[in-house]
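The sequence and the model come first.

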Amino acid sequence: MADVVKEVGMMFSGMAKMPALSPEKAQGLGLVGKVYLKAAAAHEKGEPVAWISFSIPPEIFWAMDVVPVVDLNLATLTLIPGKAEKYIDLATEVVPDYICSTNRLPMGLALSGDTPLPTIWVVQNAPCDSIPGIDSSMAKYFGIPYYSVHVPYINSQAGYQYTAKDLKKMIAWAEEHTGKKLDHNRLREALKLSGRAHELMLKIREMAMMVPSPCTLDQNRLAYTNMIQLAGTPELVDYLQMVYDRAQDRLAGKLPYPVQEKLRIAWIYTVPTYTPNLIVDHMANEFGAISTTFMLNNMLVPPLKGDMNYEDMILWLAEKVCNMPMTRECRGPWEVYADSALDLVQNYQADGAVFSGHLACKSNWAAAKLVKDKIMEVAGVPTLNLETDFIDPRVTSGEVVRDQLVDFMGLVKQHKAKRERKAKKD
C-alpha cells in the first residue's frame with residue numbers, strides 16, 4: 001500500500017535540508033516530517049498508531065509507546081499542489097460540503113486507501129459539531145475504535161475534574177485497544193518536558209508582543225504545529241529553546257530582524273495554510289506589516305508545579321485539554337472569543353486585526369461582527385472579516401486573500417495615524 005503520510009514525511013524531511021531556510025524553519029519542518037515517518041514505520045512494523053484531535057494530549061500516547069498523529073496536522077498536505085483537494089473532494093462525495101475540510105481531509109484519506117488506518121482515534125467533543133459528528137461516523141464506518149473526551153461548556157475547577165475523570169476512562173480504553181500500558185513514570189517525565197515546552201511558549205509569546213517583534217508568524221505557526229503533536233518529547237523542548245534563543249539574539253542585536261516593522265497585524269483566528277509567502281510575506285515586504293500572532297498560537301496553559309502524583313498529572317492534562325487554543329475560545333459564550341481576540345490585539349499592540357473565518361466555522365461567523373465591533377470600540381483597531389477555508393485554496397485563493405489585505409492596509413494606516421494624533425493631544 002502506498003502511504004501518503006510517509007510521502008509527506010519524506011517531503012518535510014527534504015524541505016528541512018534546504019540551505020535558504022532559517023534554522024527555526026528548518027528544524028520545525030524537520031520535526032513535522034519526523035512524526036509522519038515514525039507513524040509510517042509503526043504501521044510497517046504492526047505497532048499501534050493513534051489519530052488524535054488537536055486538544056488531545058500527545059504526552060499520554062508518547063508515554064504508552066503509541067505514535068500519535070494529530071489529524072488537523074494532515075492539513076500540511078496543502079503544500080503538495082492538488083493533494084489535499086483530492087481527498088477533500090473524495091470525502092465530499094459522501095458528506096455535505098459544509099462539513100469542515102479539516103475533517104473531510106482525513107475521511108478522504110481513509111476512503112482512498114492511500115494511507116493505513118490508525119489503530120485508535122481519540123478526539124475532544126469541542127469546539128465544533130464536525131469533530132464528534134463526522135469523525136465518529138467515519139470511525140464507525142471503517143471499524144476504527146473511537147473515543148471522544150468530554151469537555152464542558154465553560155472552564156471551571158469542576159469542569160477540569162469532569163474532564164480528568166474522562167481522560168482516565170480514555171486511558172483504560174486506549175490500553176485495551178492498543179495492548180500498550182501507560183507507564184506512570186514515563187508520563188511524569190513526559191509532563192516535565194511538556195511543562196518546559198509550555199514555559200518556553202509563554203516566553204516566546206511575551207517576546208512577540210515587543211515592538212519591534214523578534215518573532216515571526218512563520219515561526220509561531222510551526223511552533224503550534226509541533227506543540228500539538230510533540231508535547232512531552234525532548235525534541236520539542238530543543239526546538240522551542242532554539243526559537244527562544246534566536247529571538248533573544250535579535251533583541252540583543254546579534255541577529256537582524258527579518259523586516260523593518262511599520263505596522264502590526266494580529267490574526268484573531270486561523271491563517272490559511274496554503275501560499276503563506278503570497279499572503280504573509282507580501283504584507284511584510286510591501287507594507288512593513290508584521291503578523292505578530294494568530295489565535296492558534298495563543299498558548300496559555302499554565303506550567304507544571306513541581307512533582308505530581310498520578311491524580312495531579314491527569315488533572316493538569318485535563319486543564320490543558322480545556323485551555324488549548326480554539327477549544328478554549330470557541331466552545332462557550334461568544335464573549336469568551338471576543339475577549340480573547342481583543343487580548344491578542346491589545347497585548348500584541350496590533351494596528352489591524354484579521355478574522356480569517358473558516359467557511360465551516362458557523363459559530364464563529366455568528367459572532368464575527370460582534371467581535372469586530374468590540375475591537376474597534378475598545379481598541380480603535382479595524383478588523384478585516386475574510387471568508388476563507390483553512391486548507392482549501394479553491395474557496396478563497398491566496399491571490400484574493402492578498403488583494404483584500406492590500407485594500408485593508410489603507411484603513412489600518414488611517415486608524416493608526418488617528419490613534420497617534422489622539423495620543424499626542426492627550
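Two strands count as paired if DSSP finds at least two bridges between them. Helices (H or I, at least four residues) and strands (E, at least two) are DSSP runs, numbered from the N terminus. The model is a predicted one: local features need pLDDT of at least 70, side-chain atom pairs count only at pLDDT 80 or more, and totals for chains, interfaces and linings use all residues. Residues are numbered from 1 along each chain as its sequence is written, and side-chain values use heavy atoms, with hydrogens and water left out.

**Sheet with β1**

An open sheet is built from four strands in the order β2-β1-β3-β4, with parallel pairing. The edge positions belong to β2 and β4 (146–149); each has a single partner strand, so one side of each lacks a neighbour in the sheet. Neighbouring strands here are turned against each other by 25° on average, direction ignored. Axes for such angles are lines fitted to C-alpha atoms, for helices over the stretch in contact, and angles run from 0 to 180 degrees between N-to-C directions.

Strand β1 and strand β2 (residues 67–70) run parallel and are joined by four bridges. Within this pair, Trp 51 has Val 69 of β2 as its bridge partner. Strand β1 also pairs with strand β3 (residues 120–124), again in the parallel sense, over three bridges. There, Ile 52 stands opposite Val 122 of β3.

In a regular strand the side chains alternate between the two faces of the sheet. Strand β1 (residues 49–52) is covered on both faces: Val 49 and Trp 51 on one side, and Ala 50 and Ile 52 on the other, are all buried. Buried means under 20% relative accessible area, exposed means over 50%, and partly exposed lies in between (1.4 Å probe, protein chains only).

**Sheet with β5**

Another open sheet of four parallel-paired strands has the order β6-β5-β7-β8. Its edge strands are β6 (289–294) and β8 (383–388), each pairing on one side only. From one strand to the next the twist averages 25°. Strands β5 (residues 263–267) and β7 (residues 352–358) are paired in the parallel sense through three bridges, and Ala 266 stands opposite Ala 353 in β7. Helix α14 (residues 362–379) packs on this sheet and touches β7 and β8, its direction making about 165° with that of β8. Contact here means heavy atoms within 4.5 Å.

**Salt bridges**

A salt bridge is a side-chain nitrogen of Lys or Arg within 4 Å of a carboxyl oxygen of Asp or Glu. By this rule the count is 19. The table gives three of them.

| Arg 250 | Glu 24 | 3.0 Å |

In the salt bridge of Arg 250 with Glu 24, Arg 250 lies in helix α10 (residues 234–251) and Glu 24 in helix α2 (residues 23–45), so the pair ties together parts that are 226 residues apart in sequence. Arg 250 counts as buried because its relative accessibility is 8%. Glu 24 is also buried, with a relative accessible area of 0%.

Arg 394 is partly exposed at 46% relative accessible area, and Asp 89 is partly exposed at 36%.

Lys 168 is partly exposed at 30% relative accessibility, and Glu 311 is partly exposed at 46%. Salt bridges with shared partners join Glu 24, Arg 246 and Arg 250 into one network.

**Surface patch**

Which residues form a nonpolar patch on the surface? They are Val 94, Leu 111 and Tyr 141, with about 330 Å² of accessible area together. Patches are made of residues with over 30% relative accessible area and no salt bridge; like charges are joined within 9 Å, nonpolar side chains (Val, Leu, Ile, Met, Phe, Trp, Tyr) within 5 Å. Accessible areas come from the Shrake-Rupley method with a 1.4 Å probe, and for residues only the protein chains shown count as cover. Val 94 is located in the loop between α4 (83–92) and α5 (101–112). Its relative accessibility is 59%, so Val 94 counts as exposed.
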